[in-house]
Amino acid sequence: MEIINKTTRRRSRIHSSEERVAYLCLIPAFLGLIFLTYAPLVGVLGISMTNWTGLTKPEFVGFENYVNLFTTDPYLKDSIIATIYFAVLSVAGSMIYSLFIAMLLNRKIPARGFFRAVFYVPYVLPAVAIYVGWSWLYEANFGFFNYLLSEMGLDKVLFIADSNYVVPSLSLIAVWLSGNLIVIFLAGLQNVPRVYHEAAEMDGANGWKRLRHITLPTISPIIFYNLLMSLIANLQIITPALALTNGGPGNSSRFMTYLMYDQAFVNYKLGYACATTFIIFAILAAFTAVLFKTSSRWIFSEGGDEK
């Protein structure tokens, strides 16, 4: 009995020591969250309740900035619509495109490593340079896309100068830039056990059934991660508006982050811009909450059971 008690006490001391080490290792992460995430968030909330230009003393106005945004601001409604429209197109397109390309690159094809690099490179190139390059392709008179349309006898399209086409055109660029999603999908596909596919083939399952009942359920956590990251990134989009459209034509590409930038650094309404930032945060939180809430219906665990 004494030996058992000594063993129990020794294990308890080891467990306590491991707990202390774990807490010590977590301290940098907690400090990062506090000082790099939560403290700035509280600061933005405080500034959003002031009338501050950045050059004068802040004047506390309470929720006046929020009231003005929802009652008198001429851009907020169009900005929210444009942002959600862009995010839906970009996320849906990026998920389908990146999964399709990842499935192709997962096959044994010649120069597979080269093609993997080709599809990933756009993601690491400077974003502004990418959008400027695409603006040449979209050019109304001499752009490559309009050249193809004219060769086919079709009318030219004002891709980024027509309010009906500007958001889909910018979304196409975002889809092309989704090389990071391809890499993550590819890693997930390589971890799908080959024995599952072999068993399904022996049972007579075709490619579509194997994709639907084996591949997609197995990589569903990867799909969730890519969907979440893509949604967060595309709801905060600003580069295309800054590089190509300046929020136009009209307000059709005046995304929420561009509206915030315009308020803060063009009109010097920092308090008003911070209120817009919190609206962006609320939209992000709402979409993220819905995604997490519904994920249990389609994400499967390693054993194949639904979460």
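Ile47 belongs to helix α1, which spans residues 2-48 in this predicted model. The side of the chain on which Ile47 sits is neither fully covered nor fully open: with a relative accessible area of 26%, Ile47 is partly exposed, because that class lies between under 20% for buried and over 50% for exposed. Leaving aside residues up to four places away in sequence, Ile47 touches Trp52, Leu270, Gly271 and Cys274. Val67 lies 20 residues from Ile47 along the chain, and the C-alpha atoms of the two are separated by 15 Å.

Helix α2 comprises residues 64-71, and its buried residues include Asn65, Tyr66 and Leu69. These residues cover an arc of only 100° around the axis, so they are on the same side of α2. In general, residues three or four places apart in an α-helix point the same way, because there are 3.6 residues a turn.

| Helix | Residues |
|---|---|
| α1 | residues 2-48 |
| α2 | residues 64-71 |
| α5 | residues 127-138 |
| α6 | residues 144-151 |

Helices α5 and α6 pack with their axes 4 Å apart, at an angle of about 20°. The two helices are therefore roughly parallel, since angles under 35 degrees fall into that class. On the α5 side, the contact is made by Trp134, Trp136, Leu137 and Tyr138, which meet Phe144, Phe145 and Asn146 of α6. Sorted by class, this contact has six nonpolar residues, one polar residue and no charged residues.

Key
Residues numbered from 1 in each chain as written. Predicted model: local features only at pLDDT ≥ 70, side-chain atom pairs only at ≥ 80, totals over all residues. Heavy atoms only, no water. Axes fitted to C-alpha atoms, helices over the stretch in contact; angles between N-to-C directions. Parallel < 35°, antiparallel > 145°, perpendicular 65-115°, else oblique. Contact = heavy atoms within 4.5 Å. Nonpolar A, V, L, I, M, F, W, Y, C, P; charged D, E, K, R; others polar. Buried < 20%, exposed > 50% of the residue type's maximum accessible area, 1.4 Å probe, protein only. Arc of directions from axis to C-beta.
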